[in-house]
Amino acid sequence: MSETNAPVADAAAGDQPDGHSQCRRRPGEGVFLLVALGFAGWALVEAYGIAGFTSLSSPGVFPMLAAASMVASSLFVLLDVRRRPPAGASGWAIAAQFVRHVVPTRHVVVLALIVAYLVAMPALGFLASSAAFLLLAFLYLWRRPWWQALLLTITLTVAVQVVFRVVFQVVLPTGSLGLTLPGLSF
Amino acid sequence: MEVVAQLATAWLDPWLLALTGIGTLAGIYVGAIPGLSVTMAASILISFTFKWEVDAALALISGVFVGGVYGGARTAILLNIPGAPSAIATAIDGYPMAQRGEAGEAIGLTTTMSVIGGMVGVAALAAFAPALASFALQFQSRDYLLLGLIGILLVGSLSGESFAKGVFAGALGVLIGMVGLDPMTAEGRFTFGTVTLMGGIHYVVAMIGFFGVAEALVQLHSVDRAAVKQRIDRVIPRLRDVRRQLGLTLRASGIGTVIGALPGTGGDIAALMAYDHARRTTRHPERPFGQGAKEGLVAPEAANSAAVGGAFIPMLTLGIPGDAVTAVIIGALFIHGLKPGPLLLTDTPDLFWFLVGNLALANLFLLVFGLSGIRLFTKIIECPRAVLIPIIIVLSAVGAYAIQNNPVDVYWMLAFGVIGYFLKVYGFQVGPVILGVILGPMMDANYRRAMIGARGDVGTFLVDFVTHPISLALSTALLLLLIAQIPGWRRVFHRRPPADSG
C-alpha cells in the first residue's frame, strides 16, 4: 500500500528544492483546478461587491487584485495541465486512482475521526474527546495490542492536560458535561 | 553597557535560560523526527505561549527555530530523509557517511559547524540590523508594497512546482488575510454579514491548519514506512577536521547569512548554494562529493544555520519575513503587540538585543545538546507516524482553540488543513499562503497609503515607482523576477549547463 502511494506522498511532501512538472496529470488534478478557478472567480465577484470601482484606494481594490491574480494563475496552471496526458484511460479509472492515491480509506477514516472529535469537543470537553480520539486513532493506525494504545492514550492525555493547564495556562474547553481530571479543574 | 545587559538577559535569568534550553532541545527533535516540522511546532507554540511574557515566549520559540533548523540534518544523515527542506543538501554526503558507519562523526562535525554558522549569522544580525533599520526609515509605503510582493513571489517561485502555483498560493493567502473589517474604513470584507467573520480569520489558525493538520494528512500516506535503526558511536569531532573545514565553514556562513537576509530565500536555498560553492572550490576532498565528502556536509549545515540570523535581519528591520518559518516568528511578534519594522529597534531596543543574545544562547545550547544524548535520540526518532499523527491533530486543535478560546477557529483550522492537503497533493506550496496571510494586510494598507499619497491618480502613482531611488531599485528587482518567469526566457536560462554537473 505504501509503495503504491509513494509517488503521490512524495510529491505531496513538497520537499523537492525545485520541483519539476510531472509528465502525467495527477488523478483529480483537473477537477481540483476547476474548483480553484471557480473559487477564485467567485472571490473576484465578491471582492468587486465590496466597493466596486468607486476609487482606486477603496477597501475592495486589493482583494480584487488578489482574486484576479488567483483567476489568472489558476487558468495558467489549468492550461498547462490540460496539455499533459490524463491520469487514466476513463473517468472511472481516474476516479479509482483518485480514491487510491489522494483520498484512500485511511484518510477518509482519519478525517471522519477528526470531524467527530472536533464536533464532540464542545459537549464532552477537551479531556474526554481527546482521549477518545487518541485511543480510536491509535487503534486504527498503530498495529499494536489494544492495551498498549490505551496505556499511551492515558499517559498522553494526562501529560497534555498537565502541560497545558500548568505550564502554558491554556484554557481548555471543559465541555457541557464538565469532565476533567480531579485537581486540575481550575 | 546597556546593550550588554540587554544581550545578557536570556543568559542571566534562570527561567529564560531554561526555556531557551528546552526550546533548543525540543527543536532538535522536532526538526529530526520525520513528520514534524519547525513551522508546525512554532505555529502551535505561538498560541500556547501568547499569554506569557514576550521574552519567555520568544526564548522558547527561537530555541525551537534554531534547534529545528539543525535537527533536520540528523535524519538527513541517519535515514537519508531530510527532516526539513534546509537539510536536503546535507543528505547528499551525510547519508553515505552514515552508510559507512561514520554517522557519529558526521553528526559531530555538522553540530560544530552549524554552531559556528549560527554564530556568524547572529553576529551579522547584530552588526547590520541597526544600520538597515535606520536606512529603512526612508522607505515609503510603495517600497513596503514592493518588498511584500517580492517576498511572496520569490517564495512562490523558488519553492513550488511552478511560478503560477506560487502566485495562486500567495494570492490565496492575501485573500484570507483580507477577511474581516477593513482597518481603515471599518467596512466588512468577505464577512457575508456574519459577526463571526468580522474579526477576520486569525493568522495563527491558518498557520496551524496549513502547517499542522495539512502536513499530518500528507504524512498519513507514509504511516507504514518502517523506522530505520542506526548505531552511533563517536560524536565529538576531531580537532583536525574542524581546523581543516573552518575556512569553508566561514565562507558558507557568509553565503548563508546573505541568502537568509534576502526576502523570499531561506535556509533551503542557502544550503544548496553553499553546497554548490563547496563543490566548486574544494580541490581535493578526502572523498568525492556525493560519496561522503565532509566538505559537502559542512557547507550546507553552516549555511542554513547562518541563514537563521540572516533571516531575522529583514524580519526585524523591515517587517518582511524571508520565508515560511520567519513568517511564523513574525506572527509570534505580532501577537505580543510588537510591530517588526524600522521602528522596532528604536522603540524597543531591549527586545532586539534580547533576541540577538537569545539566538546566540540557543546556538550554545545546540553545541551542548548536539554532542550529547545521541542514544536517547536514536530511540525517539523511531517514534512511528501512527502515534505522531493523532498527537499532531490534538495539539493543533488545542492550539487553534487556545488562541481566542473560540470553537469556530477549530473548524477553520480543519478547513485549512483539508485545503492545504489538496494544495500539497497537487504541487502547490503552503509557504506562500502563510506569507500572504501575514503580508497581505500590510501590503493592502501600504498600497492604499501610496495611492492616497498620489491623490488617486494612476499616473502619479506609477511614476513614483521609478522616480525615487529606493522604489526604482525595488521595482527593477520585481520586474527582473517577473521576466525570469517568462517561459521562453526560462528555456534560454536552463540551456546553460548546470554548474554542478561535474
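Predicted model: local features only at pLDDT ≥ 70, side-chain atom pairs only at ≥ 80, totals over all residues.
Modeller: A residue counts as buried if 20 or more other C-beta atoms lie within 10 Å of its own, exposed if 12 or fewer, and partly exposed in between, with C-beta atoms placed from the backbone. Residues are numbered from 1 along each chain as its sequence is written, and chains are lettered from A and ligands numbered from 1 in the order in which they are written.

Colleague: Is Gly200(B) buried, exposed or partly exposed?

Modeller: Gly200(B) sits in the loop between strand S2 (188–189) and helix H10 (203–219) of chain B; helices (H or I, at least four residues) and strands (E, at least two) are DSSP runs, numbered from the N terminus. Because it has 19 C-beta neighbours inside 10 Å, Gly200(B) is classed as partly exposed.

Colleague: Which residues does Gly200(B) contact, leaving aside neighbours within four places in sequence?

Modeller: Two residues are in contact if their C-beta atoms, placed from the backbone, lie within 7 Å. With neighbours within four places in sequence set aside, the contacts of Gly200(B) are Val179(B) and Gly180(B).

Colleague: Which element gives the largest share of the side of chain A that touches chain B?

Modeller: Across the two chains, 58 residues of chain A are in contact with 64 residues of chain B. Helices H1 (2–13), H2 (29–51), H3 (61–82), H5 (105–141) and H6 (146–168) of chain A each give two or more residues to this side. The largest share, 13 residues, is from H5(A).

Colleague: How do H5(B) and H16(B) stand to each other: parallel, perpendicular or oblique?

Modeller: The axes of helix H5 (residues 54–79) and helix H16 (residues 349–370) of chain B come within 9 Å and cross at roughly 45°. Axes are lines fitted to C-alpha atoms, for helices over the stretch in contact, and angles run from 0 to 180 degrees between N-to-C directions. Angles under 35 degrees count as roughly parallel, over 145 as roughly antiparallel, 65 to 115 as roughly perpendicular and the rest as oblique. Therefore H5(B) is to H16(B) oblique.

Colleague: What ipTM does the predictor give the complex?

Modeller: Chain B averages a pLDDT of 84, and 93% of the residues score at least 70. Over residues 495–502 of chain B the pLDDT is below 50. For the complex, the predictor gives a pTM of 0.82 and an ipTM of 0.85.

Technical notes: pLDDT = per-residue confidence, 0-100.
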